[in-house]
Amino acid sequence: MFTSETYIKRRTAFRQSLYDRGILNGTLLLLANSECPRNYPSNCYPFRQDSTWKYLVGLDVPGIAFTLDIDSGHSCIYANDPGIDSIIWTGGTPTRSQLASQAACDEAASFSTLSALLARERAAKKPVFIFPPYRAEQVSALVALLGLPDASPADFLKEHINTSVIAALVSLREIKEPEEIAEIERAVTITKAIHEDILHNFRAGWTEKQAANRVLSLASEYGCELAFATIATCRGAVLHNAPTAYAATSNDTFLLDAGVEMPSGYAGDLTTTFPVGERFDVQSREIYEVLSRVFNEAISVLGPGVRFIDVHKRASVALAQGLTSLGIMKGDPEKAVQAGAHALFFPHGLGHQIGLDVHDMEGLGEDIVGYGDELGRSDQFGLHALRLAKTLKPGMVHSVEPGIYFISELIERWRAQGICKEYIEYDNINKWLHVGGMRIEEDWCITESGARRLGPEFDKKVAAIEAARSGK
């Protein structure tokens with residue numbers, strides 16, 4: 001947790017953001033995540049707190065609740081005091097009064113009183129607001145607390161989900177405070193150290209699983225969790241895939257997409273693509289050089305007031321230009337991008353916001369988070385996968401991750417249907433299929449005057465981390 005003043009400030013700013021949107025009264029209800037059983041009730045997955053809860057309340061305690069009266073600002077923690085089982089098995093936990101004090105809340109109450117409070121609020125026609133639940137047990141708990149019918153609970157919960165309330169929260173969470181940026185920077189620094197370790201140590205004969213396990217082990221040594229399931233693969237044309245027992249050869253290209261999550265919850269997310277042997281073959285090098293130019297074109301135009309969708313489109317044109325120079329595409333690159341021809345080789349978006357979630361706030365609704373009121377999502381193949389499109393503002397943190405992929409099944413489908421044949425040299429593609437897929441990814445923070453790559457003094461910071469690990 002940050003200091004209690006941080007959470008007071010955030011909740012005050014949240015209420016003001018609600019007022020600015022015309023929401024003057026009502027009760028915000030937040031449920032902490034509960035323990036999630038792995039294969040039987042008392043054997044659980046590692047606990048991860050809900051990110052909105054972490055932002056507004058901060059307590060890393062499962063199974064409790066929080067309310068905020070929007071009109072008065074009164075806040076309350078709902079929890080049961082520790083019982084004998086807690087004392088025996090976990091050594092005791094803080095009392096609800098102690099939890100309320102830690103979170104700078106005005107009151108502490110028994111969890112059993114929450115249903116009655118919510119019933120009174122609803123009887124008085126006072127709105128109760130929630131954020132979209134993403135766990136089945138959270139849906140069940142909300143249904144019970146709000147006294148809703150068991151049938152079609154999602155339909156009945158919709159009346160408590162307000163897009164203006166979500167937008168009010170997004171407007172705060174997307175602008176990172178200095179202490180948040182510092183935490184993300186730490187995550188990126190450690191993430192880069194792990195990538196460098198894999199880059200320097202990976203050899204032919206290593207399996208994908210060995211690389212992924214090393215990422216997990218190093219993250220643990222640094223006192224971190226993984227921010228997401230590691231992608232460690234010689235099959236770069238498969239965008240998201242689980243590591244396998246495949247043993248790399250010196251002719252392979254390896255793609256590592258991995259990031260750590262700090263104990264505070266803030267994430268880093270980097271992707272490195274490199275040859276397993278001493279160097280890329282000629283064609284792989286040519287594709288990597290195009291990818292590097294695409295990446296540099298994208299970061300050259302980052303800054304406040306720039307729409308990220310325009311950065312994505314500019315990167316896409318650079319990609320089409322590069323592939324045209326190699327005889328893979330043809331025609332006018334800008335017209336090819338307008339037609340969506342480049343998406344055969346770049347079928348995803350250029351990046352996403354990063355914060356308490358590696359795809360920050362995505363559980364609140366990708367369109368609200370990435371597009372807001374200013375843009376609608378395109379239905380064009382490739383472009384429709386763009387997670388962040390809206391205007392960049394100082395304090396926003398996001399990834400930049402262009403990729404070039406030769407997905408044989410997709411290529412054959414497009415070829416059979418004659419899609420964008422005026423812009424794609426289908427007869428020349430086969431000789432490039434062995435390249436597979438490549439991606440470069442870094443994390444950037446928008447500043448008042450431009451953009452800053454997170455972790456610019458990596459070498460110095462990583463050296464300090466390594467010294468600390470070795471006891472020097």
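Helices α11 and α12 pack at an angle of about 155°, with their axes 8 Å apart. The axes are lines fitted to C-alpha atoms, for helices over the stretch in contact, and the angles run from 0 to 180 degrees between N-to-C directions.

A quick word on the source: this is a predicted model, in which local features need pLDDT of at least 70 and side-chain atom pairs count only at pLDDT 80 or more, while totals for chains, interfaces and linings use all residues. Residues are numbered from 1 along each chain as its sequence is written, and side-chain values use heavy atoms, with hydrogens and water left out.

**The α11/α12 pair**

- α11 and α12 are therefore roughly antiparallel to each other; the cut-offs are under 35 degrees for roughly parallel, over 145 for roughly antiparallel, 65 to 115 for roughly perpendicular, and oblique for the rest.
- On the α11 side, the contact is made by I287, V290, R293, V294, E297 and A298, where contact means heavy atoms within 4.5 Å.
- α12 brings V311, R314, A315, A318, L319, G322, L323 and S325 to that contact.
- Sorted by class, the residues of the α11 and α12 contact come out as 9 nonpolar, 2 polar and 3 charged (nonpolar: Ala, Val, Leu, Ile, Met, Phe, Trp, Tyr, Cys and Pro; charged: Asp, Glu, Lys and Arg; polar: the others, Gly among them).

- Helix α1 (residues 4-20) and helix α8 (residues 163-173) cross at roughly 130°, and their axes come within 9 Å.
- That angle makes α1 oblique to α8, and α1 passes α8 in a right-handed crossing.
- R10, A13, F14, S17 and L18 of α1 meet V165, A168, L169, S171 and L172 of α8.
- The contact of α1 with α8 has 7 nonpolar, 2 polar and 1 charged residues.
- Helix α9 (residues 178-201) and helix α10 (residues 208-221) pack at about 140°, with axes 10 Å apart.
- α9 is oblique to α10 as well, and α9 passes α10 in a right-handed crossing.
- The residues involved are I194, D197, I198 and N201 of α9, plus A211, R214, V215, L218 and A219 of α10.
- By class, the contact of α9 with α10 has 6 nonpolar, 1 polar and 2 charged residues.

**Nonpolar cores**

- The largest nonpolar core has 56 residues, and F345 and F406 have the most contacts inside it. A core of this kind is a set of buried Ala, Val, Leu, Ile, Met, Phe, Trp, Tyr and Cys residues joined through side-chain atoms within 4.5 Å.
- The elements giving two or more residues to this core are α11 (282-300), α12 (308-325), α13 (333-339), β14 (403-405), α15 (408-417), α16 (426-429) and β16 (442-446).
- α12 gives the most to this core, with 9 residues.
- Leaving out residues up to four places away in sequence, F406 touches A237, I287, I328, F345, I411, I429, W432, L433, V435 and G436.
- Apart from this core lies another one, of 42 residues, among them F66, L99, F129 and F131.

- S34 sits in the loop between β1 (27-31) and β2 (37-40).
- S34 is partly exposed, with a relative accessible area of 25% (buried is under 20%, exposed over 50%, partly exposed in between, with a 1.4 Å probe and protein chains only).
- Leaving aside neighbours within four places in sequence, S34 contacts F47, P62, G63, R135 and E137.
- F47 is in the loop between β3 (43-44) and α2 (51-56), and F47 is partly exposed at 27% relative accessible area.
- Beyond four places in sequence, F47 touches N33, S34, E35, D60, V61 and P62.
- F47 and P62, 15 residues apart in sequence, are 7.8 Å apart in space, C-alpha to C-alpha.

**Positive phi**

- M361, a residue other than glycine, has a positive phi near 65°.
- M361 lies in the loop between α13 and α14 (366-370) and is buried, with a relative accessible area of 0%.
- C420, not a glycine either, has a positive phi of about 55°.
- C420 lies in the loop between α15 and α16 and counts as buried at 12% relative accessibility.

Definitions and conventions:
Helices (H or I, at least four residues) and strands (E, at least two) are DSSP runs, numbered from the N terminus. A crossing is left-handed if the near helix is turned anticlockwise from the far one by less than a right angle, and right-handed if clockwise.
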